[in-house]
Amino acid sequence: MRLGRPAAADTMCARCPGRGAGAAMSPRPGGGAGRRGSKGPARKLLCMCSLFSASPTCATLSRAGSPGSRGGGGSTTSTTPDYGEKRLPQALIIGVKKGGTRALLEAIRAHPDVRAVGTEPHFFDRNYEKGLEWDVMPKTLEGQITMEKTPSYFVTNEAPRRIHSMAKDAKLIVVVRNPVTRAISDYTQTLSKKPEIPTFEVLAFKNRSLGLIDASWSAIRIGIYALHLENWLQYFPLSQILFVSGERLITDPAGEMAKVQDFLGLKRIVTEKHFYFNKTKGFPCLKKPEDSSAPRCLGKSKGRTHPKIDPDVIHRLRKFYKPFNVMFYQMTGQDFQWEQEESDK
Ligand SMILES: Nc1ncnc2c1ncn2[C@@H]1O[C@H](COP(=O)(O)OS(=O)(=O)O)[C@@H](OP(=O)(O)O)[C@H]1O
C-alpha cells in the first residue's frame, strides 16, 4: 500500500472574528469543519480578541508554522533481530517536545512486547509526502506493538487527520510538562545550538513593557496544550489518548509506566525494578535498556541545566498559561498541578 500524494491545500484558517490577518488561528483539519464539532473552548479563548488586547498578560497571536522538532535524541535504532512484519504504529508518542518523550520511549522499549524506532520518523509531518514505502518502522511479530515517537505531531495541524486516515485505532500518548518549564527547556536546546540568539526574556515578549507575550514564538505556543488538543479531539476520542505527566515521569517513572502499560493493554513488565536514580545525572536511568544489558541514562541533551530566567518573566508566563492550563485540565479530566509548583528549574 502506498500513500497518495497528500492534498496541497488540506488546511484552512479559521479566523478570529473582527480581527485582521494577524489573528489567523490554527488551521482546521480536513479543509473545513472538523469531525467532532467546530470551535472548541481553547480556540474560543484565543478568539476573545478584545479581552486579549485589553489584558497585559495576553499575547499577540499570529499563526505560527508547525514547529519542527529536532530528531533523534541520542538513541539508535533497536538492535533486536529483524524478523516479523512492518506495520503501521499501533501507538504513537505524539508530544510534547521537551516533555520527556525520549525517557518514555526508552522505558517502554524495555518491554518485550514493544518495538519502536529510536529516531523520530516524522512520518506524519515532514515525511508524509514520501509515502509508506519510505516508512522506517521496525518489523514486529504478531502480538508485539509497533511504536514511534515524534513530539512535533502534537502541534502539527495536519497530523491528527493523517494519523486518523491511516491508523484510526492507534493509541496516542502525550507527555506534558509545565508549559513554562517546557518553554525554557525548548529555549535551552536552541541556545545550545545557536548561542548568539537573544535572551529568553527578550524572545518571550512582543512588548515587554505592556506585558504582551509573544505566543507566535514556538517555544511559547507549543505549551498552549488546550489549543492543540482541540485539534486532536476533532478526530480521536479522549479515551484513545493518554496524558503522561512529564514531572511524574521523573519523580515516579514506574508509576507512570504502569499507566502507560495499562493503556497499551500490556502486562506490567516495566516496573520499579527497571529504574535507578543516578545522582550524577540527577534523573532516573534504566537498569537494562532494550538494546543493552548495561544500565544507561539518557544523553547529555536530556536534563540540561536551564539558564536563570527573570522571576518576573516566569510570573507573567504563568499568568498567561493559567487559563489554558485550567482548560486543559478540564478537557483531559486530569489536574497536572502546574499552578502549585513554586519554582521552575
Ligand atoms: N530519565 C530522564 N533522564 C533525562 N531527562 C529526562 C528524564 N525523564 C524526563 N526527562 C526530561 O526530558 C526532557 C527532554 O524531553 P524530550 O525527550 O521530550 O525532548 S525532545 O523533544 O525529544 O527533544 C528533559 O528536559 P531538560 O531537563 O530541559 O533537558 C528532561 O527534563
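Which residue lies over the face of F263? K171 does, at 5.6 Å from the ring centre. Keep in mind that this is a predicted model.

Let me stay with the rings. There are 18 aromatic pairs in the structure. One of them joins F320 and Y321. The geometry is edge-to-face, with 5.1 Å centre to centre and 65° between the planes. Edge-to-face requires an angle over 60 degrees, so 65° qualifies. Both partners, F320 and Y321, are buried. There is also an aromatic cluster. Its members are Y225, F243, F328, Y329, F336 and W338.

Y225 takes us to helix α8, residues 225–233. How many of the nine residues of α8 are buried? Eight of them, so the helix is largely enclosed by the rest of the structure. The buried set runs Y225, A226, L227, H228, L229, E230, N231 and W232. Note that Y225 is on this list and also in the aromatic cluster.

M147 in β8 is the bridge partner of A91.

Past β5 comes a loop, and K98 is found there, between β5 (91–95) and α3 (101–108). The UniProt record, an unreviewed entry, places the feature "active site" at K98. That annotation may be inferred rather than shown by experiment. Is K98 buried or exposed? Buried, with a relative accessible area of 13%. What is K98 in contact with, leaving aside neighbours within four places in sequence? The list is R177, R182, S185, D186, Q189, S301, K302 and R304.

Next, helix α5, residues 179–193, which holds A183. A183 is buried, and its relative accessible area is 0%. Beyond neighbours within four places in sequence, A183 is in contact with F200 and A219. Y235 is another matter. A183 and Y235 are 52 residues apart in sequence, and their C-alpha atoms are 27 Å apart in space.

Last stop, a hairpin. Strands β13, residues 275–278, and β14, residues 283–286, pair in the antiparallel sense over four bridges. Y276 stands opposite C285 in β14. Four residues lie between the strands. G282 takes a positive phi near 80° in this hairpin.

Leaving aside neighbours within four places in sequence, I250 is in contact with F283 and P284. Along the chain, I250 and F283 are 33 residues apart, yet their C-alpha atoms are separated by 6.5 Å. I250 is partly exposed, with a relative accessible area of 35%.

Note on methods. Residues numbered from 1 in each chain as written. Predicted model: local features only at pLDDT ≥ 70, side-chain atom pairs only at ≥ 80, totals over all residues. Heavy atoms only, no water. Phe/Tyr/Trp six-rings, centres within 6.5 Å; stacked < 30°, edge-to-face > 60°. Buried < 20%, exposed > 50% of the residue type's maximum accessible area, 1.4 Å probe, protein only. Lys NZ or Arg CZ within 6 Å of the ring centre and 35° of its normal. Helix = DSSP H or I, 4+ residues; strand = E, 2+ residues; numbered from the N terminus. Contact = heavy atoms within 4.5 Å. Pairing = 2+ DSSP bridges.
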